[in-house]
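I opened my notebook to write down what I looked up in this structure. Here are my entries, topic by topic.

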Amino acid sequence: MKTQSTTVLPVAQPHVYEVIVIGAGQAGLAMGYYLHLQRRDFLMLEAAPQVGQSWRERYDSLQLFTPAPYCHLPGFPLLLPRKHYPTKDEIARYLQQYAQQFRLPVELGQPVVSLTKKEGLFYLQTPSAHYLAQQVVVATGPFQTPFIPTYATAPAPEVVQLHSSRYRNPGQLPPGNVLVVGAGNSGAQIAVELAKDHAVHLSVKRKPRFSSLRMLGRSVFWWATVTGALYASPTSRVGKKLLRKADVIYGRELEQLLREKVIPLRPEITGFHGQQVFFNDGTSTQFSSIIWATGFQPDYRWLQIAGAITADGNPLHEQGLSPVPGLFYLGLSWQRSRSSALLLGAARDAQFIARKLL
């Protein structure tokens with residue numbers, strides 16, 4: 001009697017990419033360009049539903065303080081007039097076109113919820129898929145979780161509170177006094193916009209520093225580039241000096257409104273009672289709205305690799321190189337220079353990381 005034979009099919013092995021890039025913002029796209037040139041087997045995972053989404057979601061009137069020639073990524077110029085300051089939607093479209101130009105392998109709607117490493121391979125998990133890679137570049141950028149400081153007391157529920165990342169336009173706010181907390185470039189632009197039809201006050205830790213957008217007929221970024229100040233490392237004499245100072249606000253609109261007392265400058269907040277806000281100089285004022293232009297804080301809870309993160313939750317790295325073999329970072333503030341988190345710094349840092357890959 002013949003016995004029936006069975007065929008054992010081979011188990012399909014999961015694909016292992018040479019490199020996976022987490023994030024397809026400006027830093028991730030620049031990284032993708034150099035991986036494309038190296039003919040790497042790579043993949044890019046982007047949490048958003050489309051490339052450039054983080055720019056589209058910012059406030060309606062946002063304009064960059066860098067002119068067009070300083071806003072492009074490697075290999076594909078931003079075709080706008082030289083003296084034009086791009087809007088957030090122009091940058092969003094440019095990033096989308098950039099990904100299409102080089103046919104970068106971006107998988108959209110794939111936020112990485114865990115990154116682990118075992119037996120020399122990286123394991124990346126998204127809500128719907130699992131990926132393996134020999135090397136990983138984390139290009140999620142410095143703007144992750146909106147930060148709002150906490151106090152012993154809180155404003156009344158009727159006070160409208162928005163982090164700057166949720167602010168879109170003045171129509172979101174009711175009539176009445178508005179307090180803008182924080183004076184980076186976003187806070188400055190928002191305060192100037194709101195001052196057109198609201199009574200705006202500005203609360204800051206340190207007196208703001210201002211810079212004109214142009215000097216002697218040239219962009220200040222031209223001067224910063226030719227002098228090398230833009231590429232000063234955080235450990236250089238110039239870099240250390242800049243890090244000790246408050247960030248520069250580009251443009252003079254807010255400075256003029258402060259000088260004319262259109263926008264009163266207030267010190268740090270100490271607490272709240274109802275709609276009343278108390279400041280550390282003993283004064284208080286009633287506000288209907290508060291805009292928290294207080295920046296962001298890192299959130300790397302998904303990065304579950306021993307030795308990758310510092311005790312305070314920041315990436316452990318030197319110039320983007322992690323002590324974990326095969327793990328790299330890109331797009332962090334002052335990663336290698338003053339320009340690291342800007343569009344114009346993405347190319348230099350991405351090229352540096354690309355040369356360090358195995």
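Is helix 4 mostly covered or mostly open? I found that helix 4 is mostly covered, with seven of its 10 residues buried. Buried means under 20% relative accessible area, exposed means over 50%, and partly exposed is in between (1.4 Å probe, protein chains only). Helices (H or I, at least four residues) and strands (E, at least two) are DSSP runs, numbered from the N terminus.

**What I am looking at**

I note that this is a predicted model, where local features need pLDDT of at least 70 and side-chain atom pairs count only at pLDDT 80 or more, while totals for chains, interfaces and linings use all residues. Residues are numbered from 1 along each chain as its sequence is written, and side-chain values use heavy atoms, with hydrogens and water left out.

I looked up the overall make-up: the protein has eight helices and 21 strands. Of its 358 residues, 46% count as buried. Along its principal axes, the C-alpha trace spans about 100 × 50 × 35 Å. Then I checked contacts (heavy atoms within 4.5 Å). Among contacts with a separation of 6 or more, 64% come from residues 24 or more positions apart.

I listed its buried residues: N185, G187, A188, I190, A191, E193 and L194. They pack against strand 9 (178-181), strand 10 (200-203), strand 14, helix 7 and strand 19 (289-292).

A pocket, on a 1 Å grid over the protein atoms alone, is an open set of points where a 1.4 Å probe fits, with protein on both sides within 12 Å along at least five of seven lines; lining residues have an atom within 4 Å of a point.

Which residues lie nearest the centre of the second largest pocket? I got Q63, Q189, V192, Y250 and E253, out of 17 lining residues. Helix 4 gives the largest share of the lining, five residues. Helix 4 (185-194), strand 14 (248-250) and helix 7 (253-259) each supply at least two. By class, I found nine nonpolar, five polar and three charged residues in the lining. Here Ala, Val, Leu, Ile, Met, Phe, Trp, Tyr, Cys and Pro count as nonpolar, Asp, Glu, Lys and Arg as charged, and the others, Gly among them, as polar.

Next I traced an open sheet of five strands, in the order 8-19-9-10-15, with parallel pairing. Strand 8 (160-163) and strand 15 (265-266) are at the edges with a single partner strand each, so one side of each has no neighbour in the sheet. Two strands pair if DSSP finds at least two bridges between them. Strands 9 and 19 run parallel and are joined by four bridges. V180 has I291 in strand 19 as its bridge partner.

I picked out V178, which sits in strand 9. V178 has 0% relative accessibility, so it counts as buried. Skipping neighbours within four places in sequence, V178 is in contact with L173, L194, H198, A199, V200, H201, F287, S289 and I291.

**Strand 6**

Why is strand 6 (residues 130-138) largely enclosed by the rest of the structure? Because seven of its nine residues are buried. I then checked its partners:

- Strand 1 (residues 16-22) runs parallel to strand 6, with six bridges; Y17 stands opposite A133.
- Strand 5 (residues 121-125) runs antiparallel to strand 6, with four bridges; Y123 stands opposite L132. A hairpin joins strand 5 to strand 6 through four residues.
- Strand 21 (residues 327-329) runs parallel to strand 6, with three bridges; V137 has F328 as its bridge partner.

**Cores**

Last entry: nonpolar cores, meaning sets of buried Ala, Val, Leu, Ile, Met, Phe, Trp, Tyr and Cys residues joined through side-chain atoms within 4.5 Å. The largest has 64 residues, and L29 and M31 have the most contacts inside it. Not counting residues up to four places away in sequence, L29 touches A24, M44, V51, L73, L95, Y98, A99 and L104. I also noted a second, separate core of 23 residues, including L43, L45, V324 and L327.
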